[in-house]
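Visitor: Please pick one part of this model and look at it closely. Keep it brisk.

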Amino acid sequence: MTIALYPGSFDPVTKGHVDIAERAAVLFDELVVAVYDAPPKRLLFSTEERVELMKKALSHIPNARVEFFTGLTVGFAKKVNADVIVRGLRMSSDFEREFEMALMNKKLAANVELVCLMTNLEYEFVSSSLLKEICQLGGSIDEFVPEHVAAALKEKFRR
Ligand code: ADP
């Protein structure tokens with residue numbers, strides 16, 4: 001039985017993230033989607049909100065569950081007995097960052113493999129940070145996030 005961990009900030013979850021989770025859930029027996037509680041960036045949504053938004057976004061995937069974690073990703077990977085860490089790749093800058101982190105993670109936890117899934121063409125330019133910016137400026141983000149996430153984003157930026 002192969003357990004995969006899909007970690008991220010998910011601030012908030014986008015259709016790009018959902019797509020990666022759906023595909024990973026087909027490849028692996030169990031998928032743990034892990035919301036990183038304190039990434040080194042300014043967050044719009046609290047950890048609890050990010051977990052709730054993700055749970056609702058993935059409720060159609062029976063072998064996926066959502067948790068939050070504190071500290072090192074590989075530490076959490078060991079805790080949930082993950083064999084694989086899943087990440088998504090969009091452009092080449094994602095690759096450089098993932099490559100660097102993967103090499104370091106391999107030092108810290110030699111038996112956890114990294115599997116990167118390429119983005120769906122439709123979502124290549126979808127990022128949480130860009131969507132937050134667009135929403136704040138009054139642009140439409142409905143196409144790129146689940147309905148409940150669009151509502152939560154609009155609520156945050158309501159004047
Ligand atoms: P990070 O974990 O780096 O703070 P995110 O929470 O936005 O960033 O993303 C979590 C993971 O999902 C990362 O591996 C990221 O590359 C991937 N990802 C983000 N947006 C997309 C997308 N549109 N398509 C595919 N993968 C994505």
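## A close look at the loops

Guide: Leu72 sits in the loop between strand E3 (64–69) and helix H3 (73–79); helices (H or I, at least four residues) and strands (E, at least two) are DSSP runs, numbered from the N terminus. The model is predicted, with local features needing pLDDT of at least 70 and side-chain atom pairs pLDDT 80 or more, while totals for chains, interfaces and linings use all residues. Numbering starts from 1 along each chain as its sequence is written, and side-chain values use heavy atoms, without hydrogens or water.

Leu72 is exposed, at 55% relative accessible area (exposed is over 50%, buried under 20%, partly exposed in between, with a 1.4 Å probe and protein chains only). With Met104 and Leu108, Leu72 makes a nonpolar surface patch of about 300 Å² (residues over 30% relative accessible area, no salt bridge, nonpolar side chains joined within 5 Å).

Now the loop between E1 and H1. Phe10 is placed there. Phe10 is buried, at 3%. Its phi is also positive, about 50°, though Phe10 is not a glycine. Pro12 lies in that loop, between E1 (3–8) and H1 (15–27). A cis peptide bond joins Asp11 to Pro12, with omega about 0°.

Conventions
Patches are made of residues with over 30% relative accessible area and no salt bridge: like charges are joined within 9 Å, nonpolar side chains (Val, Leu, Ile, Met, Phe, Trp, Tyr) within 5 Å. Accessible areas come from the Shrake-Rupley method with a 1.4 Å probe; for residues, only the protein chains shown count as cover. A salt bridge is a side-chain nitrogen of Lys or Arg within 4 Å of a carboxyl oxygen of Asp or Glu.
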